[in-house]
Amino acid sequence: MSSFRLSYHGRSLMGAAVLLAAGAGIGAYLLHSYAELRGWYLGLNSCFYQVETWAEKFFTPAVKNQGNQLGLLGLALCLFGAGYLVYHSRQAPVPEPSAPPSQNWRPDVLYLLPVLAVASGVWWWGNVRVAPGTDEIFSALYCAKVPPFQTVAYYMLPNNHLLFNLLNGILFGRADNLVATGRWLSGGAYLATVVLAYGWLRPLLKYRLLTAFVTLILALQFPLWAFGFQARGYALYALMHWGAFITLFTYLRERRRNDMLVNGLCCVAGYALVPTFLYFHLAQLAFGVVYQLLHREIDWRFWRYQMAVLVVVYLFYLPALCFSGLAAITSNEYVRPKSDTLQQFLPIMGQDFGNYATYCFSRAKVLGVQLSYVLALVPLLLLAARRNTVWFAYGLFYALLLVLLAATTLGMRRGTNERNLVGHFSLALALVPVALYWLLARLPAHWQTRRWQLGIISGVLLVLGAKFMKANPIVKSENIYFFDNNKAYQKLETALEGIPTNRTVAFSWESFSAYHINAQRGIQCFLPCAASATDYYVVNYKEQLPSNLSRQYRMVRKIPQHKIYQRLN
């Protein structure tokens with residue numbers, strides 16, 4: 001017990017220390033002037049994406065004034081949170097329920113390892129065959145490569161997956177190719193998701209072979225597989241959905257503090273990876289309300305952790321809010337309403353939700369009949385289970401996932417990109433065989449329930465597996481970002497071969513794909529803020545050669561989306 005008390009108190013005091021350190025950082029922001037902070041920021045690294053307009057478009061005096069107000073709120077939260085944790089550390093810990101007997105997972109290794117082998121193989125296939133996407137290269141070059149504080153403080157585009165880029169930069173910042181390291185990071189998250197899914201399915205489906213089969217199909221689902229080999233935050237984002245989902249229900253079953261702690265950490269990380277984790281977290285909050293009403297209880301621990309999640313997420317995004325401005329996150333082109341009125345938006349929303357279903361299940365058909373819409377509704381069958389069972393709880397959570405996604409979409413009058421729902425899609429696919437398993441278990445005993453369960457579920461999985469393999473993200477790589485990136489990358493790669501490898505080349509800010517290609521060829525490459533008298537200058541078609549260089553270079557060639565200039569002798 002004494003070791004438990006030490007761990008309990010130590011954890012609270014450590015959290016208080018972190019909050020006080022964050023408060024000290026906020027205090028430094030509040031006490032320094034705009035000019036001092038701008039100079040300090042540029043002193044960290046003065047060569048970053050569009051540095052010449054950063055102080056005009058992002059960190060302006062108005063943003064500093066706004067940041068002071070947001071910082072005061074953050075400072076109050078830090079002081080209140082630290083005080084609460086110090087007070088909490090002085091209290092005797094509430095005794096925890098004894099841990100349930102650990103399950104013997106050794107027999108499962110023989111079933112899980114082949115699934116992991118296949119998942120590793122298809123990950124490698126995608127990694128080798130699919131060219132780096134523009135978002136991957138942008139994030140690696142302009143977000144992960146800069147100092148850590150600038151990674152989290154410069155929210156130049158809404159595709160800046162802060163935590164993913166931060167991890168990629170901290171772990172592999174000295175590597176030559178952060179696209180490659182980012183893909184390895186996503187690959188690890190992809191395989192971890194497969195392991196978590198197997199562990200969750202195993203006690204529900206009982207049969208190891210069936211569990212392995214379901215897990216394999218999950219690994220082959222288009223969005224999870226595709227973003228498992230992309231240097232973006234989506235694979236880690238899906239993993240956090242799974243982690244939060246599993247620990248939520250483990251907590252409801254065992255009522256252990258550590259499960260709620262892990263759930264909170266997964267939620268914080270989910271938000272830090274992509275802000276659209278809000279869709280999942282709103283469903284979790286709504287689930288907490290409905291579940292506790294049904295059971296006529298108030299679980300204060302649950303709500304304390306949810307409040308802590310929101311506080312920590314706010315503090316994580318505070319550098320971006322204070323140095324890039326609130327509008328960079330809340331008013332960018334990806335969150336602005338698509339329509340002026342709700343009436344105009346409803347048809348668009350209907351089309352978006354239809355696309356979500358077909359994207360999730362890869363437009364699976366049987367005898368020409370579209371199954372995606374039916375499969376998307378199958379998990380709702382679990383709502384017919386008895387209310388005191390976990391089956392009903394899973395159905396309720398899934399229903400709230402759909403309801404809160406629809407409500408948030410209506411409120412914003414804007415749908416989200418399919419890739420932002422990779423966690424939703426993975427959970428939806430997993431709940432389909434779970435719902436069918438529960439439903440078929442209701443059959444009369446003389447119907448030989450096991451045969452029906454294995455037969456029907458296996459049939460559905462075979463249909464999905466065949467479709468997933470036919471429309472896989474290597475063959476249909478254009479469906480990852482909805483444009484043929486492979487073709488565009490290969491054309492640009494071929495066109496750039498005309499630049500000799502023993503020359504120096506500068507690149508405009510928007511020619512980052514060309515920068516990456518040439519850097520991998522071993523050419524000495526420079527960004528605009530570091531360019532000197534280079535032999536060539538590559539400019540994106542949307543940009544112009546810097547006016548101070550117009551007399552030093554002449555255009556020698558137009559290539560896809562770019563122009564190549566050569567220095568005059």
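Author: What follows sets each value against its definition.

Author: This is a predicted model, where local features need pLDDT of at least 70, side-chain atom pairs count only at pLDDT 80 or more, and totals for chains, interfaces and linings use all residues. Residues are numbered from 1 along each chain as its sequence is written, and side-chain values use heavy atoms, with hydrogens and water left out.

Reader: How many helices and strands are there in the protein chain?

Author: The protein chain has 24 helices and seven strands. Helices (H or I, at least four residues) and strands (E, at least two) are DSSP runs, numbered from the N terminus.

Reader: What makes the protein chain as compact as a globular protein of that length?

Author: The radius of gyration, taken over C-alpha atoms, is set against the globule rule, 2.2 Å times the number of residues to the power 0.38. For 569 residues the rule gives 25 Å, and the chain has 26 Å, which is close, so the chain is as compact as a globular protein of that length. Its C-alpha trace spans about 90 × 65 × 55 Å along the principal axes.

Reader: What share of the 569 residues counts as buried?

Author: The share is 52%. Buried means under 20% relative accessible area, exposed over 50%, and partly exposed in between (1.4 Å probe, protein chains only).

Reader: Why is helix 6 called largely enclosed?

Author: In helix 6 (residues 134-144), 10 of the 11 residues are buried, so the rest of the structure largely encloses this helix. Among them are Ile137, Phe138, Leu141 and Tyr142, and also Asp135 and Glu136. The cover includes helix 7 (148-153), helix 9 (178-205) and helix 24 (512-520).

Reader: How do you know that the span of helix 21 agrees with its number of residues?

Author: The expected span is 1.5 Å times one less than the number of residues. For the 22 residues of helix 21 (residues 449-470) that gives 32 Å, and the end C-alpha atoms are 32 Å apart, so the two agree.

Reader: Why are the buried residues of helix 21 said to line one face?

Author: The buried residues include Gln453, Ile457, Leu461 and Phe468. Seen down the axis, the buried residues of helix 21 fall within an arc of 105°, so they line one face. That arc is taken from the directions from the helix axis to the C-beta atoms. On the other side, Arg451, Leu462 and Lys470 are exposed.

Reader: What makes cysteine 47 and cysteine 529 a disulfide?

Author: A disulfide is a pair of cysteine sulfur atoms within 2.5 Å. Here the S to S distance is 1.9 Å, and the two cysteines are joined. Cysteine 47 sits in the loop between helix 2 (34-44) and helix 3 (51-57), and cysteine 529 in the loop between strand 4 (524-526) and strand 5 (536-540), so the pair ties together parts 482 residues apart in sequence. The count comes to one disulfide.

Reader: Why is cysteine 529 called partly exposed?

Author: Its relative accessibility is 30%, so cysteine 529 counts as partly exposed. Cysteine 47, at 22%, is partly exposed too.

Note on methods: Contact = heavy atoms within 4.5 Å.
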